[in-house]
Amino acid sequence: MSTRIAFLKGHGTENDFVIIPDPENAIDLPPAVVAALCDRRAGIGGDGLLHVVRSAAHPEARAMAAEAEWFMDYRNGDGSTVEMCGNGVRVFARYLQRAGHVAEGDIAVATRGGVKTVHLAKDGDVTVGMGKALLPEGDVTVRVDDRSWPARNVNMGNPHAVAFVDDLAHAGNLFTPPPFSPASAYPDGVNVEFVVDRGPRHVALRVHERGVGETRSCGTGACAVAVATARRDGADPAVTGTPATYTVDVPGGRLVITERPDGEIEMTGPAVIVAEGEIDAEWPAAAQG
C-alpha cells in the first residue's frame, strides 16, 4: 500500500473542495476523516470533499456504470453524504479533464442525485444539466432572530428553502441552520437561500448549506433560487413556453441558470483546480483519534 495519498484542491465560484482521486474505491473515508480533511486549520480545508471513483467500483453507483464511468462520491464538510452538489460537479469534471480521463465536450457523471450531463467548454466555463426541480406543496417559513419570511420549497435532488428578503444582511451570520417550520417539511435538514433582486432576471443570494454553514456559493441553491424567482415573476417556462434565464450572484462569483420549457435546468459557471499534493497515508487514521 502506498504511504502517500494524492489530493487536489479546487473551487467553483469559491465553493471549495478537497479532491481525492480513488478510481478503484480503495481509500476508506469515514465521516471523521472527511471532516478532518475539510478542516481549515488542522486539515486541507474545504466546504466539501469530492471522492473520485469509477462507478463500477462503488456500490452506490454500479447501477449507473453503463451510463457514466465516473461517480462523484460527494461529502459535506462535516463528513455527511449528500445527494448532489452543482459546484462540485463542475469541479469534478474539471479534475477528470485535467487528469486526462475526459476531453472537452459532453460527459456523464454519476451522483447520488442521478446521472448528470456536463459540458466542458473551450472558454473554460462548465455547464451542468441539473435535471428538473420538484416543488413540494405546503407553506414553509424560515426565521432569523426576530424576522421571518415565507419560503419556497424547491428540491433539486437535495432540499432548499428560498426566501426573498429586503437585505442580505437580514440572513444573519448563517453559522447555524436558520430555524424553519413546519419541521415535517425537511426531516433531514435543508439548505436555506436568502435572495434579493439586483435587476431584471438578476438576483443575489446568501446560503446556509446543511452540514457546512454559510458557503461562498451553492450550485443547487442557485438553481433553486432561479426556479423560485421565475415562479414569483410569472415566468414559469412550462407556462410561457420560453426558457427562463437568470443571473445569480453568489458571494464567490456569478452563475447563469436556465430553465427550459420541459423543466430541465442548466447551470453554467467556472471551475478551477488550484493546487495538488500528497498526505501521509497514516494521517487519516490519526485524524480519527
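Predicted model: local features only at pLDDT ≥ 70, side-chain atom pairs only at ≥ 80, totals over all residues.
A residue is called buried here when its relative accessible area is under 20%, exposed when over 50%, and partly exposed in between (1.4 Å probe, protein chains only). Residues are numbered from 1 along each chain as its sequence is written, and side-chain values use heavy atoms, with hydrogens and water left out.

Let's start with the whole chain. It holds 5 helices and 18 strands, where helices (H or I, at least four residues) and strands (E, at least two) are DSSP runs numbered from the N terminus. The radius of gyration is 19 Å, close to the 19 Å that the globule rule gives for 289 residues, so the chain is as compact as a globular protein of that length. That radius is taken over C-alpha atoms, and the rule is 2.2 Å times the number of residues to the power 0.38. Along the principal axes, the C-alpha atoms fill a box of roughly 55 × 40 × 30 Å. Of the 289 residues, 52% count as buried. If we define a contact as heavy atoms within 4.5 Å, then among contacts between residues at least 6 apart in sequence, 61% join residues at least 24 apart.

Now back to Ile279, which is found in strand 18. Leaving aside residues up to four places away in sequence, Ile279 touches Thr3, Arg4, Ile5, Phe7, Leu37 and Ile44. Val227 is another matter: 52 residues from Ile279 along the chain, with 41 Å between the two C-alpha atoms.

Cys38 brings up the cysteines. A disulfide is a pair of cysteine sulfur atoms within 2.5 Å, and a search of the whole structure finds 0 of them. For Cys38, the closest cysteine sulfur is in Cys85, 11 Å away and too far for a bond. Cys218 is in no disulfide either, as its nearest cysteine sulfur, again that of Cys85, is 6.7 Å away. Cys38 is buried at 5% relative accessibility, and Cys218 is buried at 3%.

The loops have some backbone details to inspect. Glu14, in the loop between strand 1 (4-12) and strand 2, has a phi near 70°, a positive value in a residue other than glycine. Arg201, in the loop between strand 12 and strand 13 (202-209), also has a positive phi, near 55°. Both are partly exposed, Glu14 at 35% and Arg201 at 38%. A cis peptide bond joins Ser181 and Pro182, with omega about -5°; Pro182 lies in the loop between strand 11 (180-181) and strand 12 (191-199).

Finally, look at Ala103, in the loop between helix 2 (86-98) and strand 5 (105-111). Ala103 is exposed, with a relative accessible area of 51%. Leu120 is 17 residues from Ala103 along the chain, and their C-alpha atoms are separated by 7.7 Å.
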